[in-house]
Amino acid sequence: MVGVIQRSDSDGLVSERARLRMVEQLAHQGIDSELVLGAMKKVPRHLFVEQGLASRAYEDVALPIGHGQTISRPSTVARMLWLLAESVRPQEVRKLRALEIGTGCGYQATVMARLFADVVSVERVHWLHELAKVNVRPFRLPNLRLIFGDGTAGVTAGAPYDVVISAAASESISKDWLRQMAVGGRLVAPVKAPDSDMQTLHVVDRVSPDEWSLTVLDPVRFVPLRAGVAR
């Protein structure tokens with residue numbers, strides 16, 4: 001059984017004003033996509049964290065969701081989605097099909113469903129998959145599909161994807177993810193250096209059926225990506 005307490009957005013724990021303030025801070029940090037900011041404005045982050053942490057939901061911090069897993073910082077979510085959205089013209093963003101590797105508690109997947117046309121999100125840890133299903137159900141998002149499975153293999157049935165995002169760091173970009181990208185598509189993922197604990201954000205663009213380009217950005221910190229599934 002998933003131990004989660006459902007709360008309404010009007011329960012007094014966290015106000016809409018706090019969420020708007022969070023979005024304003026993201027804009028000050030350079031997130032200039034109105035679509036990304038608008039999507040984050042619509043999703044109450046405090047509904048995806050434990051009740052005891054709800055008062056911190058709109059701080060720019062990663063918060064634990066149990067078993068060593070975390071919900072990413074709002075600025076991290078916003079920046080990665082901004083990197084995906086900027087790959088196309090603003091009027092095209094809502095037409096994109098997206099793949100998320102690592103559903104976690106379901107927060108980022110819910111934001112993505114407010115931003116993109118269709119979202120497939122895969123989670124390898126069964127209890128997290130079940131938690132995410134409980135968390136996203138009240139939002140009634142017909143364009144969001146949650147999958148329990150090995151994220152390193154992507155989700156072939158939904159391919160090709162215009163955008164791919166990973167919420168966990170691997171030592172290399174999965175070849176399955178690359179194959180499942182549409183031509184013209186973009187992937188954003190943290191990657192761990194093989195000889196150290198350092199992670200950097202990688203942006204991959206598929207420029208042709210047989211060619212991908214790579215841009216390496218700044219250091220980041222994510223939980224490690226693991227293969228297989230866990231009950």
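## A walk through the predicted chain

The chain has 7 helices and 9 strands. Both kinds of element are DSSP runs numbered from the N terminus: helices are H or I runs of at least four residues, and strands are E runs of at least two. This is a predicted model, so local features need pLDDT of at least 70 and side-chain atom pairs count only at pLDDT 80 or more, while totals for chains, interfaces and linings use all residues. Residues are numbered from 1 along each chain as its sequence is written, and side-chain values use heavy atoms, with hydrogens and water left out.

Start with the overall form. The C-alpha trace spans about 55 × 40 × 35 Å along its principal axes. The radius of gyration is 17 Å, which agrees with the value near 17 Å for a compact globule of 231 residues. That radius is taken over C-alpha atoms, and the globule rule is 2.2 Å times the number of residues to the power 0.38. The chain exposes about 11000 Å², and carbon and sulfur atoms supply 51% of that area. Accessible areas come from the Shrake-Rupley method with a 1.4 Å probe; for residues, only the protein chains shown count as cover.

Now look inside. Of the 231 residues, 49% count as buried. Buried means under 20% relative accessible area, exposed means over 50%, and partly exposed lies in between (1.4 Å probe, protein chains only). Contacts are heavy atoms within 4.5 Å. Among contacts between residues at least 6 apart in sequence, 57% join residues at least 24 apart.

In soluble globular proteins, nonpolar side chains tend to be buried together. Here the largest nonpolar core has 55 residues. Such a core is a set of buried Ala, Val, Leu, Ile, Met, Phe, Trp, Tyr and Cys residues joined through side-chain atoms within 4.5 Å. Met-40, Phe-48, Leu-81, Tyr-107 and Phe-116 have the most contacts inside the largest core. Helix α3 (residues 74-85) gives the most to this core, with 7 residues. A second, separate core has 15 residues, among them Val-120, Val-155, Ile-173 and Val-191.

Take Met-40 as an example. Beyond its neighbours within four places in sequence, Met-40 is in contact with Arg-19, Met-22, Val-23, Leu-26, Pro-74, Val-77, Ala-78, Tyr-107 and Val-111.

Strand β3 (residues 97-101) pairs with β4 in the parallel sense over 5 bridges. Two strands pair if DSSP finds at least two bridges between them. In β4, Val-119 is the bridge partner of Ala-98.

Move on to helix α6 (residues 126-136), which holds Leu-128. Leu-128 is buried, with a relative accessible area of 1%. Apart from neighbours within four places in sequence, Leu-128 is in contact with Ile-65, Gln-69, Gly-104, Cys-105 and Glu-123. Leu-128 and Glu-86 are 42 residues apart in sequence and 30 Å apart in space, C-alpha to C-alpha.

Two loops deserve a stop. Arg-140 is found in the loop between α6 and β5. Its phi is near 50°, a positive value in a residue other than glycine. Arg-140 counts as exposed, at 73% relative accessibility. Pro-160 is found in the loop between β5 (144-148) and β6 (161-166). The peptide bond from Ala-159 to Pro-160 is cis, with omega near 5°.

Finish at the β8–β9 hairpin. Strands β8 and β9 (residues 211-220) pair in the antiparallel sense over 8 bridges. The hairpin joins β8 to β9 through 2 residues. His-202 sits in β8 (residues 199-208), and its bridge partner in β9 is Val-216.

Is this histidine buried or exposed? His-202 counts as buried, at 13% relative accessibility. Its side chain makes a polar contact with the side chain of Thr-200 (3.2 Å). A polar contact is a pair of N or O atoms within 3.5 Å; within protein, one must be able to donate a hydrogen and the other to accept it, and residues adjacent in sequence count only if both atoms are side-chain atoms. Not counting residues up to four places away in sequence, His-202 touches Leu-187, Val-188, Ala-189, Val-191, Leu-214, Thr-215 and Val-216.

Val-216, by contrast, is partly exposed, with a relative accessible area of 47%. Beyond neighbours within four places in sequence, Val-216 is in contact with Thr-200, Leu-201 and His-202. Val-216 and Val-191 are 25 residues apart in sequence and 9.3 Å apart in space, C-alpha to C-alpha.
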